[in-house]
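Hello,

Below is the structure I said I would pass on. My notes on it follow.

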Amino acid sequence: MKKIAVLISGQGSNLQAIIEACQTGFIPGKIVTVISNKIDSFGLERAKSAGIPSRVFLRQDFTSNLDMDKAIGDYLDDLNVDLIVLAGYMKILTKPFTQRFTGKILNIHPSLLPKYPGLHTYQRALENSDSEHGTTVHFVNEDVDSGAIVLQAKVPIFAGDTVKEIELRTREQEYHIYPLVIKWFVEDRLKLIENQAYLDGKPLPPNGYANE
């Protein structure tokens, strides 16, 4: 059974979806640790309730980001982790960390990448009068929000929508597609080969599986 580590910074709502997918057997893997860079992350309570060990790594306890990421990486190696899942982890990973775990880190980002990398994606979509928004699961590389895309889900933006309404609509999709992509990885169906995502041995298109 493949070992999964989930990195969080906040509420852990995607973490909860992944926990439940593992509990039901939808994801045939095991979350062996939850890591947070915030001591007050509610996601740590979710991990505790599910009986999952957790660790907190605080930036102030290390001389540099490199040292912090090395400590996290050493901890993950000690656990023989097969997959690292970023679920609202609000810290940019250092290049040595992403290279150390190439092809083993997934992230979910609340936009239809490559559109709107970075922060405040819902607000940016609203300000630009977009008719749709969405979310993207992708492999992580050394550049922010730019790794190979695996799967996207679109949501409509209606006249009069608020940022909160767009966010809630997008999050509902995240809770479905993130466990699915993790399932693919755990079942050895999903791989990263030379910065290209492959599913069942076939390269995925630039915007991921089943994109229009």
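Lys 2 has Gly 29 of strand 2 as its bridge partner. That bridge belongs to the pairing of strand 1 (residues 2-8) with strand 2 (residues 29-36), which is parallel and has seven bridges. Strands pair here if DSSP finds at least two bridges between them. Helices (H or I, at least four residues) and strands (E, at least two) are DSSP runs numbered from the N terminus.

Before the rest, the conventions. This is a predicted model, in which local features need pLDDT of at least 70 and side-chain atom pairs count only at pLDDT 80 or more, while totals for chains, interfaces and linings use all residues. Residues are numbered from 1 along each chain as its sequence is written, and side-chain values use heavy atoms, with hydrogens and water left out.

Contact means heavy atoms within 4.5 Å.

Asn 37

Asn 37 sits in the loop between strand 2 and helix 2 (42-49). Is Asn 37 buried or exposed? Asn 37 counts as buried because its relative accessibility is 11%, the classes being buried under 20% relative accessible area, exposed over 50% and partly exposed in between (1.4 Å probe, protein chains only). The Asn 37 side chain makes a polar contact of 2.5 Å with the side chain of Ser 9. A polar contact is a pair of N or O atoms within 3.5 Å; within protein, one must be able to donate a hydrogen and the other to accept it, and residues adjacent in sequence count only if both atoms are side-chain atoms. With neighbours within four places in sequence left aside, the contacts of Asn 37 include Ile 8, Phe 57, Met 68 and Tyr 89.

A second open sheet has three strands in the order 8-9-10, paired antiparallel. Strand 8 and strand 10 (202-203) are its edges, each pairing on one side only. Strand 8 (residues 190-193) and strand 9 (residues 196-199) run antiparallel and are joined by four bridges, with Leu 190 opposite Leu 199. These two strands form a hairpin with two residues between them, and Glu 194 in the turn has a positive phi of about 50°. Asn 195, in the loop between strand 8 and strand 9, also has a positive phi, about 65°, although it is not a glycine. Asn 195 is exposed, with a relative accessible area of 63%. Strand 9 is joined to strand 10 by two antiparallel bridges, and Tyr 198 has Pro 203 as its partner there.

Backbone points to check

Two loops have backbone values to note. The peptide bond from Leu 113 to Pro 114 is cis, with omega near 10°; Pro 114 is in the loop between strand 5 (105-109) and helix 5 (121-127). Asp 145, in the loop between strand 6 (132-139) and strand 7, has a positive phi of about 55° although it is not a glycine. Asp 145 is buried, at 15% relative accessible area.

Whole chain

The protein has six helices and 10 strands. For 212 residues a compact globule would have a radius of gyration near 17 Å, and the protein agrees at 17 Å. That radius is taken over C-alpha atoms, and the globule rule is 2.2 Å times the number of residues to the power 0.38. Along the principal axes, the C-alpha atoms fill a box of roughly 50 × 40 × 35 Å. Of the 212 residues, 48% count as buried. Among contacts with a separation of 6 or more, 63% come from residues 24 or more positions apart.

Regards
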